[in-house]
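Visitor: Could you show me the structure, please? I should like to ask a few things about it.

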Amino acid sequence: MPETNGHDGKPESRPAATNGHGASGGNGQGNGTNGGGNKVAALVASAKATQSRAVEEIKETIKAPEKTDLWKSVLRVKHDETPRSRALGVLSNVFLHLHPAKINRDAVAYNYTWGMGGMTFYVYITLVFTGTLLMFYYHPSKVIAFRDILYLESDVPFGKLLRNMHRWGAHLMVIMVELHMFRVFLTGSYKKPREFNWVVGVLLLVLTLLLSFTGYLLPDDQLGFWAVTVGTNMARATPLLGHQGPFGPQLGMTPFNDVRFGLLGGSIVDSNALLRAYIWHCVAIPIIASAFMVVHFWRVRKDGGISGPAPMVLESEIKEVKKV
Amino acid sequence: MAAVLGTLGMNLLMFLRFFFPRALYEPKTRFKIGYPSDFGFGVDTKFQNQFRIWVVRNTEGIFVISAICTHLGCTPDWKPSENKFKCPCHGSGYDPEGINFEGPAPRPMDRAHVEVDPDGQIVVDLSKLYSWPKGERSQFGDLDPGGKGGAILHV
């Protein structure tokens with residue numbers, strides 16, 4: 001009953017609720033004073049009236065749920081079959097407004113766009129989801145990390161599936177980002193006014209590779225350990241910031257204060273490196289990448305939507321030229 | 001404006017400094033490996049897992065190779081049948097004295113400082129390394145001024 005009241009928010013329903021509580025209170029009082037027979041009868045009558053009103057309201061709600069205040073507060077707009085109303089329906093919904101209200105017919109030419117950007121985003125969402133689930137079982141510390149991987153593989157229900165989804169999804173995302181970039185390059189979609197978005201896209205490629213690289217160490221197996229050993233040893237040769245790079249030693253760089261040390265949290269790939277890779281992989285880079293994705297998608301819209309072939313006009317749409 | 005920028009800049013510096021701790025808990029770089037008489041001719045790999053070194057004795061004496069490939073830092077494998085070190089990462093090959101002869105390695109593997117302590121044991125110090133960069137002088141024969149230790153023990 002209170003739920004229905006909440007749905008409708010009708011003024012009548014509020015006194016009904018207070019009456020309901022008052023009825024039991026009044027009963028107690030009446031028993032105590034021995035002199036409220038009439039009062040009790042009146043309260044019972046009003047309670048019954050409230051009940052019948054509530055039943056009425058429930059019936060109305062079931063019959064036309066779209067007329068309740070709850071429905072209206074969540075969904076707001078009734079969508080008529082007019083372009084304006086449909087556009088409003090899209091714009092007034094936080095999830096739908098991420099899509100354009102209207103798109104060019106040619107923007108869905110999959111043999112042109114390959115749909116590769118959207119699919120990459122889908123794979124990213126999948127990776128965030130499976131990765132979050134993996135975090136429930138993974139401890140980023142030496143010895144335990146690899147044990148957790150074995151645990152996930154053999155003892156956790158669907159653990160092997162999740163781990164493999166995450167691993168293959170990561171490979172797939174790198175491949176798809178590159179294919180997306182390849183398509184954008186081939187179709188010249190990096191040209192004016194999309195130059196800025198191309199640069200954002202290149203940064204997203206780098207972030208994808210960094211996500212891939214930091215995730216490599218996390219199983220703490222031989223493959224990942226040596227891959228990260230090799231990868232971070234390259235950072236020794238960073239100009240200015242690496243202790244074996246050009247001008248590095250002159251700037252006072254040693255194995256204990258250069259950029260490689262900053263990445264590893266030590267001079268060797270050890271527990272600090274595992275923890276740093278974990279935090280970069282699970283928190284920092286996903287946040288940075290998500291922020292760039294927001295900008296990337298927003299710019300696609302602002303730069304005129306997904307790039308496609310030259311707009312085409314159907315024969316049936318060609319208007320006759322008026323004769324003068 | 002300047003105050004805001006100054007504060008933000010200071011915060012950035014503090015953020016960066018945060019990633020460089022003042023103390024580390026890493027394995028010791030100075031340790032004892034036993035007596036010179038424990039080591040026969042050739043390559044001894046018994047300390048590879050514990051200290052990441054090989055102890056080598058040749059006609060000149062005993063020296064300790066740091067088991068780090070000079071290409072990108074993997075640990076090469078000692079292959080007794082082929083009488084060489086072979087790196088599994090990118091295929092660098094080294095002879096039994098750690099001198100590179102194949103693969104991408106730019107120079108021989110580094111050697112650690114060795115000396116004999118008063119009770120006769122060999123003390124290895126991995127924080128003092130001797131190298132032989134390409135086209136430069138070899139440090140592999142260097143000895144401390146006092147003559148107690150150095151890149152090689154003439155025993």
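Guide: In α13(A), a kink of about 45° is centred on W280(A); the bend is the angle between axes fitted to the seven residues ending at a residue and the seven starting there. Helices are DSSP runs of H or I with at least four residues, strands are runs of E with at least two, and both are numbered from the N terminus. This is a predicted model, where local features need pLDDT of at least 70, side-chain atom pairs count only at pLDDT 80 or more, and totals for chains, interfaces and linings use all residues. Residues are numbered from 1 along each chain as its sequence is written, with chains lettered from A and ligands numbered from 1 in the order in which they are written.

Visitor: How far apart are the end C-alpha atoms of α13(A)?

Guide: They are 45 Å apart, which agrees with the 46 Å that its 32 residues, 271–302, should span at 1.5 Å a residue. The expected span is 1.5 Å times one less than the number of residues.

Visitor: And what comes just after α13(A)?

Guide: There, G304(A) takes a positive phi of about 105°.

Visitor: Which elements do the buried residues of α13(A) pack against?

Guide: They pack against α7, α8, α10 and α12 of chain A. Buried means that 20 or more other C-beta atoms, placed from the backbone, lie within 10 Å of a residue's own. Among these buried residues are L274(A), Y278(A) and H281(A).

Visitor: Changing topic, how many residues does each chain give to the contact?

Guide: Chain B gives eight residues and chain A gives 12, where contact means C-beta atoms, placed from the backbone, within 7 Å.

Notes: A residue is buried if 20 or more other C-beta atoms lie within 10 Å of its own, exposed if 12 or fewer, and partly exposed in between; C-beta atoms are placed from the backbone. Two residues are in contact if their C-beta atoms, placed from the backbone, lie within 7 Å.
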